[in-house]
Amino acid sequence: MSKVTYDYMEEYIRNLIPDRKGTLKEIEDFAKNNGVPIVQKETGVFLEFMVNMKKPKRILELGTAIGFSSILMYEASEAEPEITTIERDENMIKLAKMNLEKFNLDEKIKIYQGDCLEVLEKLQEPFDLIFMDAGKGHYNHFLPHCLRLLKDDGIIIADNVLFRGMVACDELVKRRKITIVKRMRTYLDLVTHDEDLITTVIPMGDGIAVTKRR
Ligand SMILES: C[S@@+](CC[C@H](N)C(=O)[O-])C[C@H]1O[C@@H](n2cnc3c(N)ncnc32)[C@H](O)[C@@H]1O
């Protein structure tokens, strides 16, 4: 379990969520069987909820993996959004492209290959919603670019901000994760103490932070 909330709570909430069907279920199963990290069940539903409510026209995602969350956001939006998603792993990109084709989304969802920071530096067009789900140790470095690229009424959703509970509790921190934990704490400090921003941190999945401008 995630060590972000009580196990019984997590299990109960997960059991409330109906199983996915068809091709999305196949992609989810592939991820599970092949150790590909994709959004946790409840985080996936949270994303769908936010996208369905906000109906963003332009979405930026950091961390494509095999395309699961991109497809999820596209399908949930009902506004045919343009999605830009960044991934550095070539093999992931190949699998993601195959998955996008299954949904006829290879035109709508554009994958940029490269390191998030390098790609972010080159992007100019603003986004309505930014989903941060790559490079946990660099969210604090991604933030200035994400704020530059965020529309005035846009939102940033950052996953894994409590990172298996370690961000909130020193006793859980594994030695080799100390840098990630410290940087994630910096990210949360930045988004919660900037007077121009309003941020809510939700102990769901691996921890989610939602940020918008005041
Ligand atoms: C958690 S997975 C993304 C899962 C995906 N959002 C989903 O839920 O379907 C994170 C992905 O980000 C990629 N990644 C990690 N650090 C990165 C970086 N600095 N730049 C680009 N991609 C990165 C990894 O290769 C991995 O595929």
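In the predicted model, Lys 41 has a relative accessible area of 29% and is therefore partly exposed. Its side chain meets that of Asp 19 in a salt bridge, with an N to O distance of 3.5 Å. The two residues are 22 positions apart and belong to distant parts of the chain, Lys 41 to helix 3 and Asp 19 to the loop between helix 1 and helix 2. Asp 19 counts as exposed, at 53% relative accessibility.

Glu 42 forms a salt bridge with Arg 14, and the closest N and O atoms are 2.8 Å apart. This pair also links distant parts of the chain, since Arg 14 lies in helix 1 and Glu 42 in helix 3, 28 residues apart. Glu 42 is buried at 5% relative accessibility, whereas Arg 14, at 22%, is partly exposed. Together with Glu 10, Arg 14 and Glu 42 are linked in a network of salt bridges.

A further salt bridge joins Asp 128 and Lys 151, whose closest N and O atoms are 3.0 Å apart. Asp 128 is located in strand 4 (residues 127–132) and Lys 151 in strand 5 (residues 150–159), so the bridge ties together parts separated by 23 residues in sequence. Asp 128 is buried, with 9% relative accessibility, and Lys 151 is partly exposed, with a relative accessible area of 26%. The count of salt bridges in the model comes to 9.

Helix 1 (residues 7–16) also contains Ile 13, which is partly exposed at 38% relative accessibility. Ile 13 belongs to a nonpolar surface patch with Tyr 6, Tyr 8, Met 9, Tyr 12 and Leu 16; the accessible area of the patch is about 690 Å².

The largest pocket holds about 1,400 Å³ of space. Its lining comprises 46 residues, and Val 36, Pro 37, Ile 38, Val 39 and Asp 133 lie nearest its centre. Elements that give two or more residues to this lining include helix 3 (41–54), helix 4 (68–77) and strand 2 (82–87). The most is given by helix 2, with 5 residues. By class, the lining has 18 charged, 16 nonpolar and 12 polar residues.

The second largest pocket holds about 160 Å³. It is lined by 13 residues, with Arg 58, Glu 82, Thr 84, Lys 110 and Tyr 112 nearest its centre. Strand 2 and strand 3 (109–113) each supply at least two residues of the lining, which has 6 charged, 5 nonpolar and 2 polar residues.

Terms used:
Residues are numbered from 1 along each chain as its sequence is written. This is a predicted model: local features need pLDDT of at least 70, side-chain atom pairs count only at pLDDT 80 or more; totals for chains, interfaces and linings use all residues. Side-chain values use heavy atoms; hydrogens and water are left out. On a 1 Å grid over the protein atoms alone, a cavity is a set of points where a 1.4 Å probe fits but cannot get out, and a pocket is an open set with protein on both sides within 12 Å along at least five of seven lines; lining residues have an atom within 4 Å of a point. Grid points are joined across faces, edges and corners, and a volume is the space filled by probe spheres set on the points. Helices (H or I, at least four residues) and strands (E, at least two) are DSSP runs, numbered from the N terminus. Ala, Val, Leu, Ile, Met, Phe, Trp, Tyr, Cys and Pro count as nonpolar, Asp, Glu, Lys and Arg as charged, and the others, Gly among them, as polar. Patches are made of residues with over 30% relative accessible area and no salt bridge: like charges are joined within 9 Å, nonpolar side chains (Val, Leu, Ile, Met, Phe, Trp, Tyr) within 5 Å. Accessible areas come from the Shrake-Rupley method with a 1.4 Å probe; for residues, only the protein chains shown count as cover. A salt bridge is a side-chain nitrogen of Lys or Arg within 4 Å of a carboxyl oxygen of Asp or Glu. Buried means under 20% relative accessible area, exposed over 50%, partly exposed in between (1.4 Å probe, protein chains only).
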